[in-house]
Amino acid sequence: MRADDILLSIEKLEVVYHNVSTAIQGVSLKVYENQIVALLGTNGAGKTTTLRAVSGFLGVDDAKITEGSIAFLGEEIHNKPPHLITKRGIVLVPEQDKIFDNLTVEENLQVCVPVSKGKVRKGDQYGLVFKYFPILEKVKGRIGGYLSGGERQMLSLSTALLCNPRLLLVDELSLGLAPFIVEELMGLLRVIRQEEGVTLLLVEQNAFAALEVADYGYVIENGRIVFDGDPERLKGHQDIREFYLGLGGQDSQRSYREVKQYRRTRRWYG
Ligand code: ATP
């Protein structure tokens, strides 16, 4: 990978909520152009906070970046407001409040405008969305609140796509969805990356699903990156297999750090 191809670079980031509670500490990660990168971790590990920091939405929850930096295409963006970050081509698909529940599918799409100057697409914007998610065309008159979990996720990805993203930040795509829908959506992300030239940073608790499509993965725990590597390396690492992929072992109920500590102690004391 060439340094020139780095799209997003996070360096030693620290985020504090309400001036007292440190949620992430010293997080560094890189996303190269046209990659799919997975940020994996359990509940409360700091995944959403990382995405909020990149997209500029920390203020909504009274959080601040207290250390470190975030650069997009070499330009520092930390502490910039969300609308300016989106304009540069970074678009967030949030974990909650994805769509307007009281608007129809069509109305949800109509409120989207291509804010990023990056890759303005000509022609039929809805055609682009319906090409990837044909089911949405069939239910375009349905109220958002009546959509299934999978359809909501598709609509939220669609509204993000209509913003012309260069980097899509996707928070917990798989949450609450049946495995076959997760598989279908993850597969579609690969196609969208390929055909639309969109780079993706996926935040996931579902390490299995994310590592199937990712080119590179980071594991975050208690606000710190504890491991990173390509998917094969991550899937092959014993601790990751036991704790994040749930592939057996007495350690599967412990945190990654506890597993490491336990093993170290066992080595020292036999
Ligand atoms: P989840 O999938 O459960 O959202 P996560 O990995 O995305 O987990 P974060 O939501 O980023 O984790 O939370 C990281 C830490 O920050 C946790 O300790 C959490 O309690 C804390 N935190 C998150 N949101 C707030 C908030 N609004 N106010 C105070 N602390 C918060």
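**Terms and values in a predicted model**

Analyst: Glu172 has its place in the loop between E7 and H7. Helices (H or I, at least four residues) and strands (E, at least two) are DSSP runs, numbered from the N terminus. The model is predicted, so local features need pLDDT of at least 70 and side-chain atom pairs count only at pLDDT 80 or more, while totals for chains, interfaces and linings use all residues. Residues are numbered from 1 along each chain as its sequence is written, and side-chain values use heavy atoms, with hydrogens and water left out.

User: Why is Glu172 called buried?

Analyst: Buried means under 20% relative accessible area, exposed means over 50%, and partly exposed is in between (1.4 Å probe, protein chains only). Glu172 has a relative accessible area of 3%, so Glu172 is buried. Its phi is near 55°, a positive value in a residue other than glycine.

User: Where is Leu73, and what is said of its phi?

Analyst: Leu73 is in the loop between strand E4 (63-72) and strand E5 (75-76). Its phi is positive, about 50°, although Leu73 is not a glycine. With a relative accessible area of 44%, Leu73 is partly exposed.

User: What is the distance between the closest N and O atoms of Lys131 and Glu196?

Analyst: These atoms are 4.0 Å apart, and the pair forms a salt bridge. Lys131 lies in helix H4 (residues 125-132) and Glu196 in helix H7 (residues 179-196), so the pair ties together parts that are 65 residues apart in sequence. Salt bridges that share partners join Lys131, Glu195 and Glu196 into one network. Glu196 counts as buried, at 10% relative accessibility.

User: What makes the link between the side chains of Ser174 and Glu204 a polar contact?

Analyst: A polar contact is a pair of N or O atoms within 3.5 Å; within protein, one must be able to donate a hydrogen and the other to accept it, and residues adjacent in sequence count only if both atoms are side-chain atoms. The side chains of Ser174 and Glu204 make such a contact at 2.7 Å. Ser174 lies in the loop between E7 and H7 and is buried, with a relative accessible area of 9%.

User: Which residues is Ala53 in contact with, leaving aside its neighbours within four places in sequence?

Analyst: Contact means heavy atoms within 4.5 Å. With those neighbours left aside, Ala53 is in contact with Leu13, Val15, Leu58, Ile65 and Ile70. Ala53 is in helix H1 and counts as buried, at 3% relative accessibility.

User: How many residues surround the ligand, and which are the closest?

Analyst: A residue is near a molecule or strand if one of its heavy atoms lies within 4 Å of it. There are 16 residues around the ligand, the closest being Asn43, Gly44, Lys47, Thr48 and Thr49. Helix H1 (residues 47-55) gives the most to this shell, with four residues. A backbone N or O atom of Gly44 lies 2.7 Å from an oxygen atom of the ligand. A polar backbone atom of Thr48 is 2.7 Å from an oxygen atom of the ligand.

Definitions and conventions:
A salt bridge is a side-chain nitrogen of Lys or Arg within 4 Å of a carboxyl oxygen of Asp or Glu.
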